[in-house]
Amino acid sequence: MTWQIAAGAAGSPTLNLSVFLIFIVITLLIVYKVTNRNQTASDYYAAGSAFTGVQNGIAMSGDFLSAASFLGISGAIAVHGYDGFLYSVGWLVAWLVALLLIGERLRNTGRFTVGDVMAFRMKQRPVRAAAANATLVITFFYMLAQMAGAGGLIALLLGVHTRGGQALLITGVGVVMLLYVLVGGMKGTTWVQIIKAGLLLVCVTLISVFIIGKFGFSFSALLHQATQNSPLGERLLEPGSSYGQNATSQLDFVSLALSLVLGISSLPHVLMRFYTVPNAKEARRSVVWCSWSMFTFYLGILVVGYGATALVGSDAIVHAPGGENSAAPLLAFRIGGVVLLGIVSAVAFATILAVVAGLTLAASASFAHDVYANVIRRGKADPQSEIRVARLTAIVIGFLAIIGGIVADGQNIAFLVSLALALAASANLPTMLYTLYWKRFNTSGTLWSIYGGLVSCLVLIIFSPAVSGTPTSIITSVDFHCFPLTNPGIVSIPLSFVCGYLGTVFSRRPADPNKHAEMEVRALTGIGAQPGLRRRASA
């Protein structure tokens with residue numbers, strides 16, 4: 001049975017396609033219904049800051065509980081066991097950084113984008129341009145993961161095995177994603193995230209309870225059966241199947257952990273969500289609700305991953321279209337047949353569409369608000385032209401995401417996301433912490449920090465085994481890697497902090513103490529955080 005599932009389409013392609021189309025039609029109608037007024041930049045970028053902390057927290061979890069979480073981590077657990085679960089532990093703990101250091105001050109200081117915070121007390125044009133460049137690169141890498149997941153998932157569900165067929169499917173997903181962004185803006189995208197997060201939590205919870213029940217509500221019995229159905233045997237439950245065999249892999253694990261824990265609080269599309277609530281109190285509530293939602297989800301994913309090994313088998317998962325990413329759909333087909341597979345496929349499809357829509361919105365907002373409105377037009381752009389540029393940017397980004405997803409098709413998407421997190425933690429986190437907490441930090445330090453972290457991380461990724469040199473690399477036909485670690489966070493994150501410090505202390509232009517005082521008061525109290533009261537910084 002499991003080989004038949006892996007060899008062809010899982011379930012009925014006609015039913016699966018019908019479920020996809022029904023979900024697309026329903027959510028597009030919802031998006032259109034709730035977003036018939038995107039008249040201002042605040043409406044389009046931040047939904048008019050009208051969402052509550054509870055709503056935004058669920059949407060925030062939906063923004064991050066992506067295909068990497070649902071498909072990638074469940075597959076990593078099913079194939080690699082204990083080491084696969086490390087991704088979810090890192091991502092859950094990471095929200096403490098956002099709660100304690102970032103969320104409240106970011107909400108009080110900025111308006112629409114990460115560049116608002118970084119440029120608040122700096123020279124506007126170069127800093128906003130640097131922030132926009134970092135956002136575009138980070139978003140592109142994150143999109144690679146989502147689009148690759150879309151190709152693998154739909155290939156499995158529709159029985160498409162050729163690279164050309166999967167490329168067409170990825171293109172179709174990209175077009176639908178653009179419709180969400182162009183029609184709905186932030187408000188429509190947020191409601192899609194709320195719906196998708198609710199469906200995802202209910203789906204994973206019910207499947208987990210069913211699997212545990214199938215083994216007499218004994219998690220030990222489930223784990224025992226999983227070890228019997230995996231080539232790793234008992235090692236499936238022990239650390240070291242992916243990391244720990246030698247000094248290089250141990251260092252790679254530390255690098256991965258740094259990227260996971262520090263990267264979430266630096267992702268542009270997640271940080272934008274702090275602007276959709278009216279005040280800092282609701283921003284804190286958002287993080288709390290998001291953390292509990294993710295805690296519930298990742299407990300369920302642990303059961304789903306080991307359940308897939310126990311009931312489907314690691315070999316069948318690895319050889320299925322989509323590889324490791326097919327674990328959750330194959331498990332759904334195994335325990336619930338065509339009907340449950342249709343439900344799970346709809347949820348997974350919703351997950352991919354919603355997250356890619358959020359990424360596209362963040363990238364287009366950064367270019368339109370930071371580059372077009374504040375760099376090119378020097379703060380004199382009218383809202384309609386700014387929104388028009390954002391939509392045109394979304395189309396370009398969607399096109400690039402489709403091409404990137406076709407190239408990265410078949411990669412484990414949790415791993416691809418870890419690369420995006422390394423870029424975010426390298427380019428954004430040191431800069432934001434210095435900006436919010438270090439009085440001496442200046443424009444030179446900001447530029448050194450952003451570009452030092454971004455360029456070093458990008459170069460190390462290109463010359464790492466993640467891109468070439470191994471059977472699991474993105475490019476397998478050549479070998480030009482010279483950096484031994486698959487994740488560069490352990491080098492690029494500290495380097496960004498060092499660059500920011502050196503750029504500041506060696507700069508001949510000191511920081512403006514008046515702007516720092518204004519920013520500190522605003523970050524701590526929220527005074528002036530409303531768009532109408534925002535004082536425009538000097539160019």
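Me: Which residues make H10 meet H13?

Reply: In H10, Phe219, Leu222, Leu223, Gln225 and Ala226 meet Leu302, Val303, Tyr306, Gly307, Thr309 and Ala310 of H13. Contact means heavy atoms within 4.5 Å. Eight of these residues are nonpolar, three are polar and none is charged. The model is predicted, so local features need pLDDT of at least 70, side-chain atom pairs need 80 or more, and totals for chains, interfaces and linings use all residues. Numbering starts from 1 along each chain as its sequence is written, and side-chain values use heavy atoms, without hydrogens or water.

Me: Why is H10 called oblique to H13?

Reply: The axes of H10 (residues 219-228) and H13 (residues 280-311) cross at roughly 45 degrees and come within 7 Å. That makes H10 oblique to H13. Oblique is what remains after under 35 degrees (roughly parallel), 65 to 115 (roughly perpendicular) and over 145 (roughly antiparallel). H10 passes H13 in a left-handed crossing.

Me: How do you know that the buried residues of H10 line one face?

Reply: Leu222, Leu223, Ala226 and Thr227 are buried (under 20% relative accessible area). Down the axis of H10, they fall within an arc of 135 degrees, so they line one face. On the other side, Ser220 and Gln228 are exposed (over 50%).

Me: What makes H11 and H20 oblique to each other?

Reply: The axes of H11 (residues 247-263) and H20 (residues 489-505) cross at roughly 50 degrees, coming within 8 Å. H11 and H20 are therefore oblique.

Me: Which residues meet there?

Reply: Leu251, Val254, Ser255, Leu258, Ser259 and Leu262 of H11 meet Gly489, Ile490 and Ile493 of H20. Six are nonpolar, three polar and none charged.

Conventions
Axes are lines fitted to C-alpha atoms, for helices over the stretch in contact, and angles run from 0 to 180 degrees between N-to-C directions. Helices (H or I, at least four residues) and strands (E, at least two) are DSSP runs, numbered from the N terminus. A crossing is left-handed if the near helix is turned anticlockwise from the far one by less than a right angle, and right-handed if clockwise. Ala, Val, Leu, Ile, Met, Phe, Trp, Tyr, Cys and Pro count as nonpolar, Asp, Glu, Lys and Arg as charged, and the others, Gly among them, as polar. Buried means under 20% relative accessible area, exposed over 50%, partly exposed in between (1.4 Å probe, protein chains only). The arc is that of the directions from the helix axis to the C-beta atoms.
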